[in-house]
Amino acid sequence: VSPTFEQSIHTDFWSSLAQAFPYQLKRTQDKRATLTIDYDQWILLHQKLHSDWGFFFLLDLYVVDQKDLAETRGQFLLISHLIHLEDFLQLTVETFFDEGETVSSLESVWTQALTYEREISHHFRLNFSKHQSHIKSDGYMRKNWGGDFADESSSRVSKYYDIRVNTSGEVTDFSFQTNSFSLGFEKIAEQMTLSQYLPCFERINSLASSFYSLALCRMVEETHQMIIPERDQAIRMIICELNRVLDHMSCLYQVFVHLELFELAAKCLKAREIIFRLFNGLSGNRSCGGLIRIGGLSFDLKMGWITDCSKHVDILALIVDQLMSATSRSWQWMNMTRIDPTSAKDALKFGVTGPALRACGVNYDLRKIEPYYFYADLAFEVPLGINGDIYDRGLVRIEEMRESLKIIFQLIDNLPRKTKDDKETDQVVHQLSYLDTIYRLGNYGQLPAGEYNSGVESSNGHLSLSVRSNGGEYPYRLRVRTPSFAHKEFLQLKCLGVDSENLELILASYNHNVSEMER
Amino acid sequence: MTKQAHVISNSKFLQWLVKYAFSDQFTATLVGGHCCRHEIEQSFLKTEDSRANKSLVNFSDDYEAADLLIITGPVAKAQVESICEVYESMSQPKWVMVVGTCAISGGYLEHSPLVENSISCKLPVDIIVSGCPVRPADFLSGLIKLQKRIKSGELPRGLQ
């Protein structure tokens with residue numbers, strides 16, 4: 001079989017990349033590869049990849065403690081995920097280093113790397129060159145962690161961020177607390193199987209819960225090559241789009257409350273209540289999904305839910321139209337929100353994704369780039385802004401809600417019927433109670449040794465999940481890159497020199513979520 | 001926090017009388033975030049300013065004026081001391097309400113080394129509302145139950 005045009009481009013790209021760097025290049029998928037390099041070349045190689053090869057975007061940076069594994073070149077494995085924005089090629093760069101070595105910082109290439117490195121030094125008690133962390137770190141993510149907290153990290157923390165304001169009301173100093181509110185979501189994943197971990201994983205951000213469960217389920221299903229019935233895929237998409245509307249509504253609610261527009265805020269809450277009730281009808285849980293499980297859905301739709309949904313989606317569309325007419329053409333709203341313009345270059349440099357990036361005019365949406373399920377077949381558009389200020393961000397969010405309501409309409413019209421075969425296959429979990437589901441699918445949570453990735457376009461941006469497994473029952477290391485966490489460094493820079501009154505408005509317009517930032 | 005023996009003086013009793021015999025309204029401070037906070041927001045849907053329902057509870061950031069401390073979401077160990085400080089800065093008599101399974105016993109994060117599992121050992125908790133996340137109706141009924149107790153003359157656990 002002769003390769004297609006697209007494949008030939010990619011093979012050429014990867015082969016030329018392999019020729020340029022005398023390291024071990026392993027292609028895992030069509031658009032994904034792993035490069036294992038020496039520790040000395042860490043910065044130099046990233047500079048080259050950034051300037052010559054077009055890997056502009058740093059998606060993730062994390063460390064795996066490999067103390068238990070037998071054949072390793074060093075105790076720690078440092079991993080970076082890069083994205084080539086033109087063809088959406090993903091490259092994973094790995095290197096090994098040992099205890100006592102200072103890790104060289106990637107700050108000179110990407111400024112946002114600082115956030116990731118601070119987190120690594122806190123999790124693993126490691127030192128980075130260039131910036132010395134003043135806070136004594138816990139190192140609780142280490143495998144041999146004995147339960148001893150550093151003195152200073154357990155000191156009292158009352159506010160989530162430090163702020164200093166001068167006499168004229170400008171913010172002169174703004175920084176988030178480093179990991180003082182973290183709850184160890186990644187740590188407890190090492191103590192349970194993936195299907196046990198799923199309900200906990202949903203609770204990282206309760207307003208966008210279904211994106212989290214979708215990312216995890218897709219990863220496990222792709223590795224086990226499960227076939228999900230079409231009906232389940234469509235229902236998953238409906239839930240996700242409802243969740244997107246929910247999260248955008250609560251973001252706008254916060255913006256309206258800060259601007260003291262209480263009538264509009266009440267409308268947002270009303271819309272939120274409608275979606276909460278729809279979720280309640282699905283699974284009995286108002287905000288934290290509980291429906292998307294490995295292998296399909298935990299149970300099929302209740303009788304009459306679809307008619308209920310289509311009725312309420314009409315009401316939601318009305319509310320979205322009202323918000324649109326109240327904001328887009330009102331001079332008062334424009335005057336209040338023409339703050340904080342952002343250029344696309346800055347946003348890309350700092351790893352901003354989601355509506356905040358699209359408001360700057362960058363067309364980056366995983367639903368279009370890497371379409372999963374039926375997104376390729378549906379008619380919907382990706383709204384873009386120009387200036388990247390609060391006005392644009394709000395408008396992009398409202399337009400996106402319209403688009404996702406459109407998607408829901410199309411899906412409801414063409415929802416596949418339940419077939420007889422669905423019940424007979426082993427992988428489908430219709431009509432099972434929740435506990436049965438966990439019991440029956442417990443084995444599927446187990447992954448063969450290797451590295452696994454998956455990405456989902458969540459309401460705040462690119463949500464990526466990486467799991468390392470050593471073939472055991474539990475995952476060896478689970479890493480989730482939440483979109484709000486990546487915005488941290490950018491927000492710290494943005495909030496300098498801003499009126500202290502506008503500070504919370506800017507934070508709200510990025511939908512910055514404490515529980516999502518500090519996992 | 002060490003437990004201290006409180007003696008009710010006459011003036012304190014008068015304070016209590018003024019605060020509660022003639023009013024039905026709580027002034028509450030909310031600590032913590034996560035799912036339960038959204039549900040609490042959701043339970044005050046009907047009023048014009050959605051953050052305050054004038055008939056039952058009035059949220060404020062002023063700790064000294066508050067008489068009800070509501071704790072939601074998983075409590076990080078680093079946060080515990082600051083919550084105790086908030087409690088101490090409130091004026092007597094004061095009540096503590098713990099909302100949601102995470103705050104009560106850790107919930108899904110029970111095995112995490114960074115989460116405080118038993119906030120009731122650190123603070124004199126008066127009422128708990130369970131649920132993961134809590135339902136708005138449950139939260140409101142919890143408030144009404146607490147109100148009934150106060151009207152029947154029960155003292156807060158911090159004073160007993």
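This is a predicted model: local features need pLDDT of at least 70, side-chain atom pairs count only at pLDDT 80 or more; totals for chains, interfaces and linings use all residues.
Residues are numbered from 1 along each chain as its sequence is written, chains are lettered from A and ligands numbered from 1 in the order in which they are written, and side-chain values use heavy atoms, with hydrogens and water left out.

**The sheet of chain A**

Helices (H or I, at least four residues) and strands (E, at least two) are DSSP runs, numbered from the N terminus. Two strands pair if DSSP finds at least two bridges between them. In chain A, five strands make an open sheet in the order β1-β2-β5-β4-β3, with mixed pairing. Because β1 and β3 (57–65) of chain A stand at the edges, each with a single partner strand, one side of each has no neighbour in the sheet. From one strand to the next, the twist averages 20°; axes are lines fitted to C-alpha atoms, for helices over the stretch in contact, and angles run from 0 to 180 degrees between N-to-C directions.

A:Q24 stands opposite A:T36 in β2(A), and A:Q29 has A:R32 of β2(A) as its bridge partner. Elsewhere on the sheet, helix α3 (residues 113–124) of chain A lies across β3 and β4 (76–84) of chain A, at about 10° to β3(A).

**A pocket in the model**

A pocket is found on a 1 Å grid over the protein atoms alone, with a 1.4 Å probe: it is an open set of points with protein on both sides within 12 Å along at least five of seven lines, and its lining residues have an atom within 4 Å of a point. Grid points are joined across faces, edges and corners, and a volume is the space filled by probe spheres set on the points.

The second largest pocket has a volume of about 750 Å³. Of its 29 lining residues, A:K26, A:E94, A:G450, A:E451 and A:R468 are the closest to the centre. The elements of chain A that each supply at least two lining residues are β1 (24–29), β2 (32–36), β5 (89–97), α6 (209–224), β10 (450–457) and β11 (462–469). By class, this lining has eight nonpolar, 13 polar and eight charged residues. Here Ala, Val, Leu, Ile, Met, Phe, Trp, Tyr, Cys and Pro count as nonpolar, Asp, Glu, Lys and Arg as charged, and the others, Gly among them, as polar.

**Two helix pairs in chain A**

Helix α7 (residues 230–258) of chain A packs with helix α9 (residues 305–327) of chain A, and α6(A) and α7(A) also cross. Contact means heavy atoms within 4.5 Å.

| Helix pair | Angle | Axes | Residue classes in the contact |
|---|---|---|---|
| α7(A) and α9(A) | about 35° | 12 Å apart | ten nonpolar, one polar, no charged |
| α6(A) and α7(A) | roughly 145° | within 8 Å | five nonpolar, three polar, three charged |

Among the residues in the contact of α7(A) with α9(A) are A:L242 and A:F256 of α7(A) and A:W305 and A:L323 of α9(A). The contact of α6(A) with α7(A) includes A:F211 and A:E221 of α6(A), together with A:R236 and A:R244 of α7(A).

**The sheet of chain B**

Chain B has an open sheet of five strands in the order β2-β1-β3-β4-β5, with parallel pairing. Since β2 (57–59) and β5 (127–129) of chain B stand at the edges with a single partner strand each, one side of each is left without a neighbour in the sheet. The twist averages 30° from one strand to the next. Three bridges join strand β1 (residues 26–31) of chain B to β2(B), and B:F26 stands opposite B:V57 in β2(B).

Helix α2 (residues 34–43) of chain B packs on this sheet, touching β1, β2, β3 (68–72) and β4 (95–99) of chain B, and its direction makes about 130° with that of β3(B). Helix α3 (residues 80–89) of chain B lies across β1, β3 and β4 of chain B, at about 165° to β3(B).

**Backbone details**

B:C132 and B:P133 are joined by a cis peptide bond, with omega about -10°. B:P133 lies in the loop between β5 and α5 (136–151) of chain B. A:Y373 is not a glycine, yet has a positive phi of about 50°; its place is in the loop between α13 (366–369) and α14 (390–413) of chain A.
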